[in-house]
Amino acid sequence: MAATTTSEEMSAFSDALAVLGAAIAAILGFYVTIYSTDAAMKFHGAVLGVGAVIGAIVVLNSLSSKGGERPYYHDGPIKFAAIAAVFWGIAGFLVGDIIAWQMAFPALNLDLPWTSFGRLRPLHTSAVIFAFGGNALLATSLYVVQRTTKARLFGRWSPWFVVFGYNIFIVIAGTGYVLGITQSKEYAEPEWYADLFLTIVWVYYLIVFGGTLLKRKEPHIYVANWFYLAFILTIAMLHIVNNLTLPVSLTEPKSYILFSGVQDAMTQWWYGHNAVGFFLTAGFLGMMYYFIPKRAERPVYSYRLSIVHFWSLIFLYIWAGPHHLHYTALPDWAQTLGMTFSIMLWMPSWGGMINGLMTLSGAWDKLRTDPVIRMMVVSVAFYGMSTFEGPLMSVKAVNSLSHYTDWTIGHVHSGALGWVGMISFGALYCLFPWLWKRKGLYSIHLVEWHFWISTVGILLYITAMWVSGILQGLMWRAYDELGFLKYSFVETVDAMHIPYIIRAGGGALFVIGALMMAYNLWRTARGDESIDLEDQPRVAAAPEIRATLAPAE
C-alpha cells in the first residue's frame, strides 16, 4: 500500500511540475510578446506562450481523465514525433524543390523578401535536417530504447515536453528565417532565444534517454543505443559552444557571436561538419542497427564490428571539420589535420556499411519481396557512396576543384536524400503498423512505387549536380592564351541551366514519393483495411530479444 501511495505522490508531483513549467514558459512568452519592439520576436513569444498554455491544458485535462491500466510502453510521444516527421518531411522537400526551380528560373523568387532564395534556403535545410530528421530520430530513439531495455520511458511528462517543445522550436526557427531573423551560421541560423529554448529541450531529451537506460531490465546495452546516446551528447556540446552569443537585449532578436574571424569559422565548421557526423550519421546509424535486423529478422552480421565501428567513428569524426576551410586563413596544419582525419573516416564508415548490408546474409530474397527493406538497404549503399566521396573531396587537390561548386550540393544530397531520407522512410514504414497495432501497411505496392520514384529522383538530382559542379569548377579555372579567365561568371551560370532543370525535376519526383508515403501511412494509422495484405511480408512485431538480435517488444 505504501508503494502505491508513493507512486501516486510521484505522479502528482510530476503533474504539478509540468504545470509549473508550462506556466513559467507562458509568462516568458507573453512577456516577450508585450515588451519586444521586434514584430517577429513578438510573434515567437506568442508561439511559445500559446504552446505552453496548450501543454498546461493537456496536463490538467489528464488529471480528470485518470483511470484504467497504463500501458507498459510510453508510445504517445513517439506517435506524435512520427507524424511530425512525415509532415515536416513533405514541407522541407517541397520548399527544397521550390528553391531548386528558383535556381533554374530566378523570376520564381517573385521579388518578395519572404519568398526569396536567401530566406527559403535555410528554411529548407532546417526543415529537412532538424524538423524531418530530428523528429525521425526522436521517434525511433524513444521507441528503440524502450524495446531494447524492456523499460518504460523515464519521466511522466518529460517525453511529451521533448517532442512538443522540439516542434515549438522548429516553428520558431522556421518562421524566423522567413521573417528575416538569422545569425547567418550554416545549420545554426536560429537566434539566441530559439537556441536557448532548444538547449533546455535537448537536456530533457538526454535525461529521458539516459534515465531509460539506467532503469533498464536488460543488462546489455544494444549497439543502436550507443549511437543514439553519442548523437544526443555530442549535438548538445556542439550546439552550446557554436551558439555562445551575447544578446543585444532580452527583448531583441539580435545577438553577437563570442568568436570572431578565423576562430569563428573554425568553431562553425567544427559544429557544421559534426552536425553531419553525429546528427545525420551517428543517429541514423542507430536507426540502421535496429530496423534492418528487425525487418530482416536476422542478427547483426558482426556485433564486434559494430562496436569497432562505433568507437572509431566517434573518435575520428570530431576532428574532420577543418576540411571545409581549405585555402582560407585557417592555419595549414589545421587544414591538413582535417583532411587526414577525413580520409581515415573512410574505413570505419565502410565497416558500418558492410555490417548493415551483410546483416541480410541468409535473407537476400527479402530484397525481392519487401520494398521496405530494399529501401533501407539502398540507403546503406548511399551511405557507403557518400562516405567514400566525402573523404575524396576533403583532399586538397580535389577540393580545389569541388569547393563552392554544385559537386558539393550533389554530395550532400546523396547523403541527405539517399541515406537519411531512405533509412527514415523505411523506419517510418516499420513504426506506423507497430505503433498503431495494425496487421500491416495499407498498401505495400504503394511502398514499391515510392521506392522507385524516389530512387529515380535521387539519381537525377545527384548526377545533374555532379555534372554541373565539375563543369563549374573547370570553367572557373580555365584561362585563355593571354592568361585571363576564359569564362565570365554569367557564362558559367548559363551553362548550368539544363542540369538545374534536371535537378528540380528529380526533386519533384522525391516530393511525389513522400506524398505517396504520407497517404499510405495515414490510411495505415486510421485503421483502413489493407488492400494487399496477402502480398506483405510477415514481419514479427515482437521477436525474442538477444544481445546480437534486433530486439524487441
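Okay, so this protein exposes about 23800 Å², and carbon and sulfur atoms supply 72% of it; those areas are Shrake-Rupley with a 1.4 Å probe, and for residues only the protein chains shown count as cover. Quick caveat: this is a predicted model, where local features need pLDDT of at least 70, side-chain atom pairs count only at pLDDT 80 or more, and totals for chains, interfaces and linings use all residues. Residues are numbered from 1 along each chain as its sequence is written, and side-chain values use heavy atoms, with hydrogens and water left out.

On to the fold. We've got 18 helices and 2 strands, taken as DSSP runs numbered from the N terminus (helices H or I, at least four residues; strands E, at least two). Of the 553 residues, 55% count as buried, meaning under 20% relative accessible area, with exposed over 50% and partly exposed in between.

Now the surface. Phe30, Val50, Val53, Ile54, Ile57 and Val58 make a nonpolar patch of about 480 Å². Patch residues have over 30% relative accessible area and no salt bridge, and nonpolar side chains are joined within 5 Å, like charges within 9 Å. A salt bridge is a Lys or Arg side-chain nitrogen within 4 Å of an Asp or Glu carboxyl oxygen. Helix H2, residues 39-64, gives the patch its largest share, 5 residues. Val58 sits in H2 and is partly exposed, at 46%.

And what about Asn355, buried or exposed? Asn355 is buried, with a relative accessible area of 0%. Asn355 lies in helix H11, residues 346-358, and its contacts (heavy atoms within 4.5 Å) include Tyr289, Val300 and Tyr301, leaving out residues up to four places away in sequence.

Conventions. Buried means under 20% relative accessible area, exposed over 50%, partly exposed in between (1.4 Å probe, protein chains only).
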